[in-house]
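Here's a quick tour of one model, written up for someone who likes to know the cut-offs. Have a look at the structure first, then read on.

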Amino acid sequence: MRRKTRIPPPPLPQRDGVDPVRVRLPFGQEWATVRDHLVARLAAGDGVVDGMLEAGRIVGADGRPVARDAVYEPGMYVWFHRELRTEVRVPFPVEVVYRDEHIVVADKPHFLATTPRGSHVTETALARLRHGLGIPALSAAHRLDLLTAGLVLFTVRPEERGAYQSLFRDRRITKEYEAVARHDPAVALPRTVRSRIVKERGVLAAREVPGEPNAVSRIELLGHHGGRGRYRLLPATGQTHQLRVHMAASGLPILGDPLYPVVTGPRPADDFRRPLQLLARSLEFTDPVTGRDHRFVSGRELEAWSAYEDWDR
């Protein structure tokens, strides 16, 4: 059995709040050179890896450029910065609600991803905060959907991240959401929805299936006017799109939802109209590192409730 090796620290600095890509050369494979493996593994197009090697943009653990003819060594680490596509700027700020030496709590706008993923890399809350606050080690303790606004908890010290992630895993944090959807007096509220939700890779929408429930949400009506309702949503679990699925299944699809109950066509990247009317309103927990009791509240408002005509324009 091979001993687990310690991952060396990245020899390249972050760029615009984004970490360099780390690749470990696997055991059990035979390649003549590092270059041959990277060409096959990255599938980056003709000449891309060669160009990066010639420019010295792929480095080893010592920070020195990897030679084009460097011999393949199983277990070796290499790093590089990926070429980033120009991303459409999300024209809304990330507000910092709280900051100390252990955590940052941010109020994320609609349309901004929490962490780099897929086509969203620099236009993410994490990248913006790392760059803006000067905290390269900042990490997200959990995530909100790109379309959902509200509070996100970030950790300052990598060695403490697990303690804060355990708050969500062990359900020792109280999360409260708000949503705007149509008002239907025939839907009995408050109600607790329990179902089994599955989300398949490559499929946009999650779905409910028969079986033991893995998703539990409480839905309460806070008020209604103009045919719309304002709802408090209290998730007891954290399945992907859980609140959106449960609201739609209750006959109350959240306004602005492009997936539930019906998947609509993709929207242009620069279309920031009619945001999903779902907000992570508050987080409440006892800090696992300091022992302090925290309660944070988002300062954002759901526009379809406060100014429907502006939202629907």
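## Helix α4 and its cover

Helix α4 covers residues 161-169, and its buried residues are Tyr164, Ser166, Leu167 and Phe168. Buried here is under 20% relative accessible area, exposed is over 50%, and partly exposed is in between, using a 1.4 Å probe on protein chains only. Helices (H or I, at least four residues) and strands (E, at least two) are DSSP runs, numbered from the N terminus. Among the elements covering those buried residues are β4 (103-108), β6 (149-155), β7 (173-182) and β12 (278-286), where contact means heavy atoms within 4.5 Å. After α4 comes Arg171, with a positive phi near 60°.

This is a predicted model, so local features need pLDDT of at least 70 and side-chain atom pairs count only at pLDDT 80 or more, while totals for chains, interfaces and linings use all residues. Residues are numbered from 1 along each chain as its sequence is written, and side-chain values use heavy atoms, with hydrogens and water left out.

## Strands β8, β10 and β11

Strand β10 (residues 215-225) pairs antiparallel with two others. With β8 (residues 191-198) there are five bridges, and Arg194 has Val216 of β10 as its bridge partner. With β11 (residues 228-235) there are eight bridges, and Glu220 is bridged to Arg232 in β11. Pairing takes at least two DSSP bridges between the strands.

β10 and β11 make a hairpin with two residues between them, and Gly226 in that turn has a positive phi of about 60°.

## Aromatic pairs

How many aromatic pairs does a search of the whole structure find? Seven. Rings of Phe, Tyr and Trp (its six-membered ring) pair if their centres lie within 6.5 Å; planes under 30 degrees apart are stacked, over 60 edge-to-face, and the rest tilted. Phe92 and Phe272 are edge-to-face because their planes sit at 85°, with ring centres 5.9 Å apart. Phe92 is in the loop between β2 (77-80) and β3 (95-99) and Phe272 in the loop between α5 (242-249) and β12, so the pair ties together parts 180 residues apart in sequence.

Phe92 is partly exposed, at 30% relative accessible area. Ring pairs also link Phe92, Phe111 and Phe272 into a cluster.
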